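This report concerns an interface between two protein chains. The sequence and structure come first.

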Amino acid sequence: MKGWRAPNIWRGSACYIIGGGPSWLQQFKIPKQVIDKVRVNKEPISIYSPYLEFLHGKHVIGVNGAFQLGSWISVCAFMDLLWFEEHEAKLLKEFSGLRVTTNEPIMEKTYIRGKKHIQYFAPERNKIHGISELEGQCAQNGNSGAFAINVAYHLGAKRIYLFGFDMNLTNGASHFHGEYTDPWTDTIINTHLRCFPEIARDAKQLGIQIFNVNPDSQITCFPKITLDEVIRSEEK
Amino acid sequence: MARTRRAPLEEEEVKLNKAVEDAKEIVQEATPVPSLPKWQFIGGGTLQLKDGQLIDSGSFFFADPSVISTAFMDLMRLIEPGEVKPKYEDNEILDVQMVKREDGLFDIQAGDTVLNEAPLQEGDANNFIASLTSE
């Protein structure tokens, strides 16, 4: 299956990727009582939206469930078939941005409905980790957040800010949207960490700057900065 | 005299397996349900679909995707899309749109959010929308 030849609509601009880790809840100073309400499903994830005002109107990729943060999310990137099964209706009927995946079985399930509502990037052969430069292709990287970095590249972003790329536990939590049934272990985390050194190497060669907006992240191959530094830098 | 059954020679076994495979292909290819998607089961063993069909490894079959367990979808190769009743009506699904600006240029909008960094010429905006629906 051929991949989407994504036009460079973000040429030269900044892109913000919201990953699954919970560190950005603190970065954006979201009160604990609000977080607790979301964790027990008393409030939807979109209740966080007002606290994320800095990102409104910017080029934002939400990884997996982050698309539910608000209509200001431009792109939802995902690759997990089971996640898609669970969120399919909401993703199609409530999210109006671009939906991108690199999982072919998801495409097979959506193609047969007659119209394409999800864009597909084919995994580049022989390049498991890193950033694929080939049109319509991506390095799968084994996790949705890293896939989103490749999507940002194809859309033309030159500066990429990573939120929630934690790869550790923040106050005992691994994900901002709640925990998975199987708890995160060091083995899982180490598997997810593998791709980032190659992404950093490719980004340097491609002239892309990637910043990790979590000083406590276990991903150490990108410069770490605080949210205040991002705001100062991008508001110049 | 009691008849004894000898084990098939390797060559015979290969022929037999091929005949079984061919028969399987012919029987399932001929299934008169052209409106359903055609799949190949690329996993091992035998799989039972939710509608009761038993599917052998490597065989082709016709089925609505709803009868295939999600857990086994990775082991299915879609051969022909067929015609499946859409799960959602088109007007229920949100998609990005091309919107003309006051200055005559165009934006690609997802709801109220403008996706493009800079306003687009009509041709570029059309190309973007076209890229979303092309193969």
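The sections below cover the model, the interface and the side of chain A.

## Model and confidence

This is a predicted model, in which local features need pLDDT of at least 70 and side-chain atom pairs count only at pLDDT 80 or more, while totals for chains, interfaces and linings use all residues. Residues are numbered from 1 along each chain as its sequence is written, chains are lettered from A in the order in which they are written, and side-chain values use heavy atoms, without hydrogens and water.

The predictor gives the complex an ipTM of 0.82 and a pTM of 0.79. Chain B has a mean pLDDT (the predictor's confidence in each residue, from 0 to 100) of 80, with 72% of its residues at 70 or more.

## Interface

Chain A contributes 35 residues to the contact and chain B 29 residues. About 3100 Å² is buried between the two chains, 59% of it from carbon and sulfur atoms; this is the accessible area (1.4 Å probe) lost on putting the two parts together, summed over both.

Between chain A and chain B there are 2 salt bridges, each a side-chain nitrogen of Lys or Arg within 4 Å of a carboxyl oxygen of Asp or Glu. One salt bridge joins A:Arg99 to B:Asp95, with the closest N and O atoms 3.1 Å apart.

## The side of chain A

Elements giving two or more residues to the side of chain A that touches chain B are α3 (81-93), β4 (98-101) and α4 (104-111) of chain A; helices (H or I, at least four residues) and strands (E, at least two) are DSSP runs, numbered from the N terminus. α3(A) gives the most, with 7 residues.

Note on methods
Contact means heavy atoms within 4.5 Å.
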